[in-house]
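Let's take a walk through this one together. Have the viewer open and follow along.

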Amino acid sequence: MTDRHSIASLILRYLLLVWIALIFLFPLVFMVVSSLKPDLQLLRDSASVRAFLPVGDISIDNYGLAAERAPIARFVFNSLFVTATTVVLSLILCSMAAFSFVFLQWRGRGVVLAIILATFIVPFETIAIPLLLVVNNLPWIGIDGFRIGWINSYQVQIIPWIADALTIFLFVQFFKDLPKDLIEAARVDGASWFQIYRRVVMPLCGPVLATAAILKFLVMYNQYIWPLMVTQSEDYRPVMVGLQYFFQLNTAWGEVMAYLSLITVPVLAFYLVLQRAFISSIASTGIKG
Amino acid sequence: MTLNGALKTTLSVLALSAVGVAAQAQTPLSLWYHGAGNPVERDVLIGLIEDFNTSQSDWVIELAEFPQASYNESVVAAGLAGNLPDIVDVDGPIMPNWAWAGYLQPLDLPDGTTDGFLPGTLGYWNGELYTVGLWDAAVAVLARRSVLDEHGIRIPTLDEPWDLEEFDAALTTLQASGDFDYPFDVGMAWTGEWYPYAFGPFLQSFGGDILDASVPTAEGVLNGDAGLDFGDWWQSLFDRDMVPGVSQDAADRETGFVDGNYAMQWNGNWAVLSALETFGDDLLILPAPDFGNGPTIGAASWQFGVSSTTEHADGANQFIEFMLQDEYLAAFSDALGLIPATASAAAISEYYSEGGPLEVFYGLSEAQARLRAVTPGYLVAALEFEKAMSDIASGADVADTLDAATDAINDDLERNNGYQ
Amino acid sequence: MAAGPRGKQTLTGWAMASPAFLLMLLFLITPFFLAFGLSLTNQRLISPNPAEYVGARNFENLLGLSFFVLEPERDEAGEVIRDDDGAPEYPRLRTFTRNNPDYPHLDGMREWMSIGWTDDSRLVLLASDVVFMKALTNTILFVIVVAPMQAGIALLLALLINQKLRGITVFRVIYFMPVVVSIVVVAFLWRFIYDGQNGLLNSMLGFLSFGVFQPVDWLGNPNTALASIMAMSIWQGVGFHMIIWLAGLQTIPVSLYEAADIEGANRWQKFRYITWPGLRNTAVLVLVIITMQCFALFPQVDVMTRGGPLDSTQTMVFQAVQRGYERQDIAGGSAISVLLFVFVLAISLTQRWLTRDKD
């Protein structure tokens, strides 16, 4: 293989990568660029290549106006708080359950796992109302005392979402690929199952933790129907419900784009951080290698 | 959770100590409003609430705002959870549904409070007043004097509106001119309540209706001869490319008329201000055409009512009575371009006073406005009508589509024992 | 596996699995059974009337099918009446399906599809709920088209960004970006792109074809609406599955490839004998997730077409939501949910049986 050949192949590879990147980027560029334009210009530009170019009357006014229209910081905080809490609890409980299903022999585990996986089939939208009836009858003890019903709170947005079939399934699939002799060796050394879970298995879980965390993060951050049903005060409202603040009879498109750009930043940041962790964890553990 | 709890406790302690002892005697009343995300609207409402809170010492109003697009869902969910506020606002045609479901109780206002209010602002069901609005909305044909003059089209008046033939001829002329993408725009982009609100009156003007609330049934009303005539005409608008179809996006809806792509537009008073800015005196606000059974536009906008679960109906009624002062009717009108509910409020408003730019809408509302079918079944009927309008516009068989909608509406009536 | 006494493992096993399981029991399984219960009643979302048990009526209303042979109109001589093109004319179906005491079993049914039958007659398939039938077939079509395409493209992308190139991280991020943005937002942006009048897609295609291309009303045409939603869904979701594939790829030991290089294996051989077998579990995972996501198709439809035009984009979940919330028919909506569950369960059991370990 000559140098020239490999350089040509390298250029080709990059061209391919860039070309695909453009396909994935264009609506998002449209979103960000539009957030800088006044409404009328935004709409007129949307038919041509100008939609992607920050040309014409460019300013960050829309961001200021959007902040006046809705308490954006509050919404982002609510979403991040709900999302982060759910993700952490979910990773712990779901990985523990998956560990039990894969490594422990116990009566009923096949049935329980099958039931759990079957719940994957139930789209949330179809059980939202019954779920509302359930959470409305649950007790809660908070700082302001005992009450029945979880409506209008953080916990109603968090607790029902902690355990889910996909996350458990992700861990189960991952654990199945782990070398069994690792566990055997730890058992011989007299480690308890919980110690094996914490000390032996979890440290190997970098990639699957990152994957599960990202997927869960996306689901939670983009929650829409459920918070709509259960939050009544702005104190608890998340970002996607906040999006509705912008769809008035005459929608302020520039502000919509500004709001969308703003609420996308935290997710992107989270992914950027995790995908680094995700790559480096693989390099360091060298699973099965 | 605990963080928020702590925060809340701290805040309420601070608030209490700041307001002092007098405030503690005031009983809080919760008010839910659909206007989240509209700072102008919020300012007017908050001003009104502050006036009320300081005007008496028994009650203090606590406002919670919801985004309009999902307001109904939020209230229904809260109702399911037994969590309704003391005072709710309700979209006019939905009111009977909530009253029937037991979400609302009749108002208890002093006699004469609502005298002189536009009929569309009063929410009666089963002979009782459940809700009352501070404003109404109206729909009109927006056009430009210069365009109509250029093409020799007569400018219609309230006394002498266009009839079907003249209206159709005008559309044909405008289309033939080649100056426009479409001669007319009915706003297919605005899915949802806009369809029955804006297009139902066409059907009424043809002599049909979505359903006859007095029986109640849709059979022979929606799919009767008048309904079929209306359906054929409706489909022909799209077949002949007279109006943009179902895939119109909201952006085109907003800019199409102002940019000159649509010669005329069927639009509400709330959207007129931008056209007025662009065209000034050239803008015409024209009455609905008469399709044979009188020109008609939809009535009833957002209104206020008292929830059935409140323990303080007296306070809630007192607040609603307080809201209905001309001063506040005019304030909402000035802020949002809405039609004030009374003539006296219109007289002191910016847009609807004599010579005001939108004055004509008050006349339209008075002369042409007709309530949408007043029945709890309206909710499902409106959705079926929306689907039928969209399907017919896309080329579905008119008779079959109206039959299907009629069956679905009657099924719903039957399943609910006629909403009696 | 070396293990302590079986009973001890059972205790530990339950202890570790139960927090997650109990949460699911309370927040997923209980609501599901509540929904199942509702589907057997005439419960309304809000209503002063008490709910009554109605047995399987909701399901019968959804699934009712019937055949009917439609005879052409004949004149007095018994000759088939034909229009100018020679095609026979038929009586309107509504004369049989509406208030016709001779055909009580057809009352309220509508034509779903029809084919030519003998001697100018037509065989009509009637359904008591045509919209649901369309939702059902659209959902299946969506799964059949989108699942394999999305999985396949995602794997290609994963292979592409699994290369060791300078700056590859940038591409990893970019390809994933559509996933990061909520589907609601994406659907909303694509409405601009698909616009039939002055949408970006039409302008671009027009530009690339030097003006030959005629603008298409992508979302307004029953023939292109579902395909447009499919294309957008693939675009939006492919990054999601790409990272799952990527996670799978990363677990394949580099040493295997090094060994293959020494043996002189070419790229295809490496894929065929190392990569693909190493991705077996991932492949199951990706397929299961995609299938479920496709069956749950809802937000795109809600934002972009609301089931139209002419029901060409109705889906089961959209119908369940429409009926349950908007039409306040929570019993009917729940019945659709139950059907969806039964249906997907049957498919996944078949899938499992087909891909079972043969050894």
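A salt bridge here means a side-chain nitrogen of Lys or Arg within 4 Å of a carboxyl oxygen of Asp or Glu. Keep in mind that this is a predicted model. With that in hand, look at Glu219(B) and Arg98(C): their side chains form a salt bridge, at 2.5 Å from N to O. Between chain B and chain C the count comes to 10 salt bridges.

Which helices of chain B give two or more residues to the side that touches chain C? They are helix 4 (71–80), helix 5 (95–100), helix 10 (250–255), helix 16 (378–393) and helix 17 (398–415). Helix 17 of chain B gives the largest share, eight residues. Sorted by class, that side of chain B has 17 nonpolar, nine polar and 14 charged residues.

Now for the whole interface. Here 40 residues of chain B are in contact with 30 residues of chain C. About 3,000 Å² is buried between the two chains, and carbon and sulfur atoms give 44% of that area. Of the area that chain B buries against chain C, Ser247(B), Leu383(B) and Arg415(B) supply 17%, more than any other three residues.

Last stop, chain C itself. Strand 2 (residues 110–116) pairs with strand 3 (residues 122–127) in the antiparallel sense, over six bridges. Ser114(C) sits opposite Val124(C) in strand 3. The hairpin of these two strands has five residues between them, and there Asp119(C) takes a positive phi near 45°.

Conventions: Residues are numbered from 1 along each chain as its sequence is written. Chains are lettered from A and ligands numbered from 1 in the order in which they are written. This is a predicted model: local features need pLDDT of at least 70, side-chain atom pairs count only at pLDDT 80 or more; totals for chains, interfaces and linings use all residues. Side-chain values use heavy atoms; hydrogens and water are left out. Two strands pair if DSSP finds at least two bridges between them. Helices (H or I, at least four residues) and strands (E, at least two) are DSSP runs, numbered from the N terminus. Contact means heavy atoms within 4.5 Å. Buried area is the accessible area (1.4 Å probe) that two parts lose on being put together, summed over both. Ala, Val, Leu, Ile, Met, Phe, Trp, Tyr, Cys and Pro count as nonpolar, Asp, Glu, Lys and Arg as charged, and the others, Gly among them, as polar.
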